[in-house]
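Have the sequence and the 3D view ready, and try each task before you look at its solution.

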Amino acid sequence: MPRRKAGEPGQAQRKADGPGQVRNAWFEAGEPIRVEGGLKARSQRGSIGSAWWSRRFIDILERICDKGRLSRGRAYARKGQVLTIDLSPGEVTAAVQGSRPDPYEVVIRIEAYGETRWAAIEEEIAAQAVYRARLLAGEMPAEIEELFAAMGVDLFPRDLDMDCSCPDWGFPCKHLSAVLYLLAESFDDDPFLVLAWRGRTREQLLGSLADEPAMDPLRVADVPFADRLADFYAPGATAHRPERRPAAAAPDLLLRVFPPPGDLERALTPAYKGLAQA
């Protein structure tokens, strides 16, 4: 099975087929054998993939792969020509029924990250309370791709190492393209498959994040006393409430509350004011 990478043009062999005519040596004549119970794309027209992560994957495919071949693969995916797809760390294997009796074997490889790198990624995710909470809730935050990039690694592959057992030397063939589209659609159903392809299953990631204590935004660093001697006696904010002093009452308040009979109020008011100033 020849190995090819996306972005590397396939060299299709050609030979003469009569005067003025050439055809590809890998040409697969006839319609594909109809499959009962094959894996069929849900989308029967327009684009495949609706969530941001599946669309991101398809954007990469359409950038590095021939659009004409992707279109033929999309038709295969919608007919249900893909028999099986299995995803494991770093590798996707599939069987696709073409026009020949034996299904073609498809392999798509990317780099799967090791334990050391995943431990660092999980630590960084755990430090971001929002990302951690959304992942634990079963959601895939769009910003997680930036988190991977900041650590110098890719969430989505930049290129794909792909093989197909068909005789088509064009790249990617329609069998590979069909698997790629169904893979993108499977990401809609379970965004954690993107991470599983990179080497971390949903159970492993969520188990690690659940065990990792969340960062406490109110936590204060414990500084040794010896390191605080220089400013230990510096004035600082007090933990006690400031003393509240009552405002001074008006000197003639008593006379207004309990007015004396007759003209006594006029005579007593100057005396009360004089006492307040004494």
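Predicted model: local features only at pLDDT ≥ 70, side-chain atom pairs only at ≥ 80, totals over all residues.

Residues are numbered from 1 along each chain as its sequence is written, and side-chain values use heavy atoms, with hydrogens and water left out.

**Exercise 1.** Describe how helix α3 packs with α4.

*Step 1.* Helices are DSSP runs of H or I with at least four residues, numbered from the N terminus. Helix α3 covers residues 115–127, and α4 covers residues 129–136.

*Step 2.* Their axes (lines fitted to C-alpha atoms over the stretch in contact, with angles from 0 to 180 degrees between N-to-C directions) lie 5 Å apart at an angle of about 105°. That makes α3 roughly perpendicular to α4, a label for 65 to 115 degrees.

*Step 3.* In contact (heavy atoms within 4.5 Å) are I125, A126 and A127 of α3 with A129, Y131, R132 and L135 of α4.

**Exercise 2.** Work out how α4 and α8 are arranged.

*Step 1.* Helix α8 spans residues 202–211, and its axis comes within 10 Å of that of α4, crossing at roughly 130°.

*Step 2.* The two helices are therefore oblique to each other; angles under 35 degrees would be roughly parallel and over 145 roughly antiparallel.

*Step 3.* On the α4 side, R132, L135 and L136 meet L206, L209 and A210 of α8.
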